[in-house]
Amino acid sequence: MSGYYFVTMAVLVLIAFLVSRAQAGRLIKGGVGQLHSLPNYHGLFAASAVFVPMLLIYVVGVPLLEKFAQAQALSFFGAETASDALHRGATLRDIHNLVAGQYSGTPSDSLVEAARSMKSTLWWGNALIFGGGVLAALVAIGLSLGRVSVAFRARNHFERLVVLVLMLCAAVAVLTTIGIVFSVLYETIRFFFDPSLKGRPTVTEFLFGTEWNPQAAMRADQGDIKTAYGFIPLLTGTLLITLIAILVAGPLGLFSAVYLSEYATARFRAWAKPILEILAGIPTVVLGFFAALTVAPLIRGWGAYFGLDVASESALAAGLVMGMMIIPFISSLSDDVINAVPQSLRDGAYAMGATKSETIKQVVLPAALPGIVSAFMLAISRAIGETMIVVMAAGLAANLTFNPLEAVTTITVQIKTILVGDQEFDSAKTLAAFALGFVLFFVTLVFNIIALTIVRRYREEYD
Amino acid sequence: MTDITASDAARVRRVDVTSSAAKARIRARYRREARFKLYGLAALSLAAVFVVVLIGDVLSRGLPAFWQYSLVLDVHVDPAAVSSGGKVDEASIRSADFYPLTKAALESMFPGELSRKAQKQLVRLVSTDAAMPLRDELVANPSLVGTTVKTPLILSATSDLYYKGAGTQIESREMRGIATPSGTSGEITVLSSANDFADALVHLKQRIAEQARSLRSEADRLELFAGDTVTARVKALRDEAEKLQQRVDQPKVEEELDNKMPSLLIAIDGGLMKITKLSDVSATGIVLLPLRSTDEAKPGTWQLVTYETPESNRKVTDQDVAFLERFKQLGHVEQSFNWTFLTAGDSREPELAGIRGALVGTALTLVVTLVLCLPIGVMAAIYLEEFAPKGRLTDIIEVNINNLAAVPSIVFGLLGLAVFLNFFGMPRSAPLVGGITLGLLVLPTIIIASRAALKAVPPSIKEAALGVGASHQQAIFHHVLPLAMPGIMTGTIIGMAHALGETAPLLMIGMIAFIVDIPHGFTDAATVLPVQIYLWSDLPEVAFKSKTAAAIIVLLMFLFVMNGAAIWLRKRFERRW
Amino acid sequence: MHTLVDKHADAVVHANLAAGLSTPKVSAKDVNVYYGEKRALMDVSVDIPDRGVMSFIGPSGCGKSTFLRCINRMNDTIPICRVTGKITIDNQDIYDPKLDVVQLRARVGMVFQKPNPFPKSIYENVAYGPRIHGLSHSKADLDEIVQSSLEKAGLWKEVKDRLNESGTGMSGGQQQRLCIARAIAVNPEVILMDEPCSALDPIATARIEELIDELRKNFCIIIVTHSMQQAARVSQRTAFFHLGTLVEEGPTTEIFTNPKDKRTQDYITGRFG
């Protein structure tokens with residue numbers, strides 16, 4: 001159906017374009033006078049007049065039909081089927097398979113009935129959509145042909161449509177944000193307030209609980225492990241790894257940026273910058289591999305040499321590699337803001353007899369401070385939201401500790417662990433992942449907004 | 001205006017540059033300057049060292065996986081084994097069990113009596129689907145059925161790693177006496193006419209003494225650090241050292257060899273015996289490779305062989321090493337490029353696993369991403385740059401796009417899961433959903449890059465077009481957009497490279513399943529290269545670590561090519577206005 | 001003591017004015033400046049007396065600022081810039097490789113076209129120089145230097161209650177006087193001013209000019225200006241630059257009333273510029 005519909009649509013669009021263009025062309029040959037719009041625009045106008053209604057009919061019609069057909073088919077079964085989501089899904093799948101002729105086994109009578117009803121509903125519905133689409137297209141062609149005239153402003157009409165399409169594209173970005181907010185917010189609210197959910201925590205328990213264990217005991221011999229959704233150990237774990245990362249990336253990134261923008265010759269920069277760019281371009285899954293297989297055993301080995309008991313998934317390994325990941329991030333943003341510090345400030349310091357490093361430390365860096373702070377904030381937000389490195393190199397156990405040699409877990413690791421694999425969508429455990437996602441989104445959003453605002457102000461100050 | 005009073009003038013002091021204190025101060029300032037500069041250089045060097053170590057590590061782990069050792073043997077293709085219902089055709093060959101054929105071919109290499117355990121171990125040296133090349137050859141040329149074909153058998157991952165150097169160092173020493181073995185298989189004893197075994201025993205005891213010494217020094221070192229765990233370990237080390245020392249202190253007592261010591265073997269009469277008990281006159285042990293006879297061996301014709309790495313420290317047993325070394329000696333081992341890695345789908349067996357499924361999945365996903373985000377991104381950029389009314393709404397959109405670019409990627413995965421899978425009911429694990437999710441992820445990048453490219457086109461171009469009577473849209477689409485295209489393409493390639501390396505959101509929408517088949521469409525279950533890397537890195541087999549690194553090499557190569565293309569594009573079309 | 005110092009200062013000024021140039025403070029001989037291939041300054045030779053104001057005038061791009069920046073070697077910060085010839089301060093060659101540029105700049109202060117206070121407090125702005133050059137030995141000492149510098153710059157009364165506020169929050173004229181205070185805090189021997197009033201309104205300009213007039217009793221001041229009126233008001237000697245050459249130099253009154261060169265004549269009568 002879809003295939004036929006779209007082929008027909010393409011043909012009709014093409015016909016509308018060609019016919020209208022030819023009509024407009026005849027007007028020129030007929031010497032009626034100067035056309036306002038080129039024949040092409042008359043064609044494009046007619047084509048869009050066909051395209052838009054046909055698309056709308058399809059986009060609105062097909063889901064409506066689907067819903068209608070399903071409701072009809074389900075009416076052959078009892079009320080309990082319609083109310084139970086699991087049962088309903090299975091029945092619908094059976095009906096669909098039967099309609100498609102892929103049902104294995106002998107179907108029940110009501111199933112056959114339902115399938116027959118669905119088949120006929122779908123057939124009629126599809127015919128209706130198809131007929132409606134073609135009719136709309138023909139009407140559109142007729143109307144737009146009637147409008148082809150010397151004075152008709154086909155171009156302006158068409159261009160208005162183009163602007164509308166452009167605007168819709170820009171709206172996609174906004175819709176994405178709205179989609180994110182609603183999807184995480186909706187599930188989060190259910191997580192905390194849905195009364196039908198077993199084992200859900202209160203907001204206070206979530207925010208201030210010190211135990212995280214979404215997996216309840218499955219068997220008796222596992223002892224009395226209780227489900228607990230205390231967020232604190234995840235927070236401390238995330239913060240610990242982020243702290244290590246910033247301790248590594250902060251000085252290294254900042255010093256790199258200072259050296260590149262203030263000391264390095266153009267030739268040195270041409271060599272050094274690509275190195276940082278390569279580092280920035282390495283996928284995090286590769287860094288995670290490196291952290292888990294090379295850095296972590298190395299740290300463990302050193303720890304053993306000094307008689308320390310280092311976890312094989314220590315926070316230190318994940319933090320170090322994550323620090324390396326955000327070096328280019330800090331250095332390129334800091335580089336930008338350092339370069340934006342006006343030369344006149346540097347001149348002022350040089351003229352006082354300051355050395356280069358004194359100028360940098362006491363004039364350039366303080367002047368660039370807002371920008372550098374926001375670079376750090378963006379880096380922190382990046383580190384908090386980073387997933388693969390911690391998934392591969394950090395642990396799963398939610399230990400409440402600040403010892404970098406022990407294993408900790410992070411928000412992102414828990415989201416990934418809960419949501420990967422088989423999941424029931426309505427359990428508290430699954431919704432907990434969305435609550436974590438909400439926290440993650442919210443925290444990084446706050447960091448980003450503050451940082452971006454600072455950067456914007458800073459740019460305005462020196463522009 | 002303040003007048004300069006006498007006291008002011010009296011206080012006038014100029015900067016002192018001549019006194020020694022002043023000179024010291026200036027020297028200190030320059031030292032600080034040099035130090036500061038050094039910090040910058042050190043920071044950059046550290047980043048560079050990290051990049052080099054990372055890439056070096058990946059290359060050294062991954063490059064060997066692009067080569068593969070195989071065992072080239074003569075395999076007799078018994079028509080009965082590859083026919084079904086008396087007929088030999090493609091289907092029957094494809095469904096045939098090649099295990100008996102492989103087993104027979106392997107066993108024909110070792111005439112003589114092999115223990116059942118050894119037989120089992122022999123078959124395990126090759127892959128479970130070792131005869132894959134033979135099968136393909138037979139399908140291509142069915143006339144070979146019934147003949148003896150010289151064909152490569154795929155080695156198991158462990159054997160492959162052994163040939164790649166993950167085994168043990170082997171030393172062989174000629175013996176001086178005349179040796180007499182007591183049998184050709186099973187447990188036998190070898191006697192020597194010279195004091196060969198006495199020497200070997202002394203040598204062995206020396207090694208034990210060495211081991212005890214190193215345990216003691218490790219204990220001494222650890223004692224420098226405090227802590228309960230340390231104390232316990234120190235004690236364990238001391239006890240172990242004490243036990244070893246006792247063995248050394250009794251020089252004449254025979255030694256039982258365990259798998260924590262280097263393995264000692266005797267190569268005699270074409271066979272190989274692993275020593276389990278060594279006294280100063282005889283060696284008792286188990287035959288690994290059957291002896292031809294129990295003939296006396298002349299001095300210089302039999303050797304004492306040492307496998308330096310203790311058996312407990314390696315993946316291959318002494319029996320495996322014996323077999324594999326024999327294959328090598330006889331010239332049956334060949335190395336070739338590992339095409340399987342590039343042409344096969346995923347597998348639980350490392351030697352049969354390939355990345356083709358992941359590559360196809362990646363391509364499908366990226367096609368969806370590109371088709372989605374390039375037009376939308378460019379059009380959104382045109383709208384925001386040219387047509388959007390300057391005001392609050394546009395400001396909000398702009399702030400929103402900048403923020404979206406910094407949202408953690410896993411959150412986009414949550415969006416994909418909640419909206420596309422659960423709300424719209426799209427198929428799980430499909431490149432379609434993965435592509436859409438990644439498209440939304442890189443959309444802000446492309447919008448930002450496209451806007452920058454549009455902004456870089458000087459307004460005079462647009463004004464010129466408007467000046468000759470073009471409409472605003474004609475000016476944009478005919479003049480500004482083509483000039484901005486190189487910049488937009490550069491941004492798009494960088495965005496796509498970003499999408500290529502992205503893993504986390506795809507895990508959320510289930511592109512993490514174990515998928516053997518190569519996906520054929522946008523709605524088939526598939527996985528992508530970064531996820532494949534993640535999946536393999538999690539597997540316990542050593543061979544998969546190497547495969548993982550090899551997959552990383554492929555991924556990095558794609559990324560380098562894409563970024564290289566972006567740089568080339570930028571250089572090629574860079575225009576100064 | 002009071003009279004003695006004042007008299008001494010006056011005496012030097014008078015002596016200089018009277019005798020022309022007995023002992024020049026700054027002396028330039030055949031100075032050429034190249035930016036890459038481009039020659040920006042051609043064979044400039046000039047002597048500048050101590051305790052007085054010398055102004056450089058000329059049309060845009062004539063090289064007057066370039067020459068000014070040679071005197072404290074600010075051109076060193078531009079990689080492609082190359083200076084030949086000889087400039088001495090108190091007979092010491094400032095391009096001598098053995099001479100330390102950091103110490104040179106402590107002796108030759110500079111005030112820029114656009115006020116460029118550091119993004120720090122007013123106090124820190126002024127204390128910066130004394131601190132890096134080790135001019136003070138105690139906090140009280142530093143306070144005194146800051147106060148006297150701000151007093152000399154005529155800013156003390158306005159800012160004494162808000163020394164810890166940011167220097168960038170003041171008006172343009174105040175900022176420029178802060179920059180002057182910053183420059184004189186280390187008691188340089190020479191102060192270079194690169195169009196110090198071009199970004200200011202007339203009232204602020206008048207205050208700066210008064211200040212310059214005051215400062216000349218203690219410092220050798222060289223000022224680049226676009227405004228001939230300003231040169232006439234504040235300087236005792238004037239040099240006219242044109243297309244990278246020094247056309248004419250002499251006592252200000254003479255340059256403005258009786259120029260020797262036709263180009264100078266054309267410029268000051270407004271025929272070009």
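This is a predicted model: local features need pLDDT of at least 70, side-chain atom pairs count only at pLDDT 80 or more; totals for chains, interfaces and linings use all residues.
How many residues lie between β8(B) and β9(B) in the hairpin that they form? There are three residues between these two strands.

**Where chain B meets chain A**

- On the chain B side 80 residues take part in the contact, and they touch 81 residues of chain A.
- Together the two chains bury about 7100 Å², and carbon and sulfur atoms account for 76% of that area.
- Three residues, F36(B), L44(B) and F50(B), provide 10% of what chain B buries against chain A, more than any other three residues.
- For the polar side of the story, the rule finds 17 residue pairs in polar contact across this interface, counting pairs with both residues at pLDDT 80 or more.
- Helix α2 of chain B, residues 20–62, is the element that gives the most to the chain B side, with 22 residues.
- By residue class, the side of chain B that touches chain A holds 57 nonpolar, 13 polar and 10 charged residues.
- How many salt bridges does the rule find across the interface of chain B and chain A? It finds one.
- A salt bridge links E358(A) to R29(B), with the closest N and O atoms 2.8 Å apart.

**Strand β9 of chain B and its partners**

- Strand β9(B) spans residues 282–289, and seven of its eight residues are buried, leaving the strand mostly covered.
- One partner is β5(B), residues 187–192, which runs antiparallel to β9(B) and is joined to it by five bridges.
- Within that pairing, I188(B) is found opposite G285(B).
- Another partner is β8(B), residues 271–278, also antiparallel to β9(B), with six bridges between them.
- Here K274(B) sits opposite I286(B) of β9(B).

**A four-stranded sheet in chain C**

- Chain C has an open sheet of four strands, paired antiparallel in the order β2-β1-β4-β5.
- The edge strands are β2 (38–49) and β5 (92–93) of chain C; each has a single partner strand, so one side of each has no neighbour in the sheet.
- Strands β1 (residues 24–35) and β4 (residues 81–89) of chain C pair through eight antiparallel bridges.
- N32(C) has T84(C) in β4(C) as its bridge partner.

**Salt bridges**

- Over all chains, a search of the whole structure turns up 45 salt bridges.
- One of them joins R107(C) to E189(C), with the closest N and O atoms 3.1 Å apart.
- R107(C) belongs to helix α3 (residues 101–107) of chain C and E189(C) to the loop between α7 (172–184) and β7 (190–194), so this pair ties together parts 82 residues apart in sequence.
- Are R107(C) and E189(C) buried or exposed? R107(C) is buried at 14% relative accessible area, and E189(C) is buried at 12%.
- E165(C) pairs with R162(C), the closest N and O atoms being 3.7 Å apart; E165(C) is partly exposed at 43% relative accessibility, and R162(C) is partly exposed at 23%.
- K217(C) and E214(C) meet through their side chains in a salt bridge of 3.1 Å, N to O.
- In that pair K217(C) is partly exposed, at 30% relative accessibility, whereas E214(C) is buried, with a relative accessible area of 15%.
- In chain B, salt bridges with shared partners link K274(B), E311(B), R314(B) and D318(B) into one network.

How values were computed:
Residues are numbered from 1 along each chain as its sequence is written. Chains are lettered from A and ligands numbered from 1 in the order in which they are written. Side-chain values use heavy atoms; hydrogens and water are left out. Contact means heavy atoms within 4.5 Å. Buried area is the accessible area (1.4 Å probe) that two parts lose on being put together, summed over both. A salt bridge is a side-chain nitrogen of Lys or Arg within 4 Å of a carboxyl oxygen of Asp or Glu. A polar contact is a pair of N or O atoms within 3.5 Å; within protein, one must be able to donate a hydrogen and the other to accept it, and residues adjacent in sequence count only if both atoms are side-chain atoms. Ala, Val, Leu, Ile, Met, Phe, Trp, Tyr, Cys and Pro count as nonpolar, Asp, Glu, Lys and Arg as charged, and the others, Gly among them, as polar. Buried means under 20% relative accessible area, exposed over 50%, partly exposed in between (1.4 Å probe, protein chains only). Two strands pair if DSSP finds at least two bridges between them.
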